[in-house]
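Please look over the sequence and the model below before reading on. The paragraphs that follow move from the chain as a whole to a few of its local features.

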Amino acid sequence: MALFLLGRRFPKSRAGINRVMTAIQPHCTSVASGRQHVNGVDLYYEQTGRGKHPVLLIPGALGSARTDFGPQLKSLNKERFTVVGWDPRGYGHSRPPDRDFPPDFFERDAKDGVDLMKALGFGKFSVLGWSDGGITALIAAAKNPDLIRSMVVWGSNSFVSQEDLKLYAAVRDVSRWSVRMRQPMEEVYGAEAFAKTWEAWVDGIAQFAKRPKGSICMELLPIVSCPTLIIHGEKDPMVPGFHPEFLLKHIKGSRLHLMPEGKHNLHLRYADEFNKLVEDFLQD
């Protein structure tokens, strides 16, 4: 649910992004970018920092490294961490293919993300997952206990309730969004493709409500073994507070940090506070 984004624009040209060091964004220097062939698709990624602790950033619905994680690519400690942001298949620069939402799309993203890090030469690494990316992170951590060192998730849920369905239905029609909300995604996908892909996402996430208890990955939570920090913005309009509470209850040893003024994009709005929370947690 990559809503309320304040992302930066994608260039129209795809030239010169294959494993080169370049100042891609005005705010972020020394970023290596490229494409890596993983599981039959070419996944776009951006990498920065030279620390011994690798960290994978997993974006939300229709999101990408640039739209979803600008402040993290810019400011997470580059001496301690090597930070990798990526565009999941069908999103951002990882097109083609066009995005689809089969019943296992979260599992597919989790495998893609883990296999991307393997292909880039990283062994054990940590994951930061926002919104849909948090769901992907939960699945990746549960299924790869020997690879995932630690995990931070926010704006995420492990099941779809009837209340959630109402929230999704309310944002289905992007023509009703403000221009400020639509613009970053329309710049990436074009207005027509964005509207079509967003509707497909709404249908894709809603399908989980038909499962027992609306489960997306509920059954995997008890087997997550890595240290886990759950962050929740108490003013998040898309993720009710019972979701982080459920994660806290079912992930052994997890911690929950509440941000009273935080909304869905708390890592962008309160980037300094968020980054410090993450750095302190990953240092433990």
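Helices (H or I, at least four residues) and strands (E, at least two) are DSSP runs, numbered from the N terminus. This is a predicted model, in which local features need pLDDT of at least 70 and side-chain atom pairs count only at pLDDT 80 or more, while totals for chains, interfaces and linings use all residues. Residues are numbered from 1 along each chain as its sequence is written, and side-chain values use heavy atoms, with hydrogens and water left out.

The protein chain holds 9 helices and 9 strands, and 57% of its 284 residues count as buried, where buried means under 20% relative accessible area, exposed over 50%, and partly exposed in between (1.4 Å probe, protein chains only).

The loop between strand 5 (81-87) and helix 2 (105-119) contains Pro 96, and Pro 97 lies in the loop between strand 5 and helix 2 as well. The peptide bond between Arg 95 and Pro 96 is cis, with omega about -5 degrees, and the bond from Pro 96 to Pro 97 is also cis, with omega near 10 degrees. Most residues other than glycine have a negative phi, and most peptide bonds are trans.

Asn 39 belongs to the loop between strand 2 (31-38) and strand 3 (41-48), and it counts as partly exposed because its relative accessibility is 36%. Leu 62 sits in the loop between strand 4 (53-58) and helix 1, and it counts as buried because its relative accessibility is 1%.

Helix 1 (residues 65-75) includes Arg 66, a residue that counts as buried because its relative accessibility is 4%. The side chains of Arg 66 and Glu 46 are joined by a polar contact of 2.6 Å, a term for a pair of N or O atoms within 3.5 Å in which, within protein, one must be able to donate a hydrogen and the other to accept it, and residues adjacent in sequence count only if both atoms are side-chain atoms. Although Arg 66 and Glu 46 are 20 residues apart along the chain, their C-alpha atoms are separated by 8.6 Å.

At which residues does helix 1 make its contact with helix 9? Pro 71, Gln 72 and Ser 75 of helix 1 meet Ala 271, Phe 274, Asn 275 and Glu 279 of helix 9, where contact means heavy atoms within 4.5 Å.
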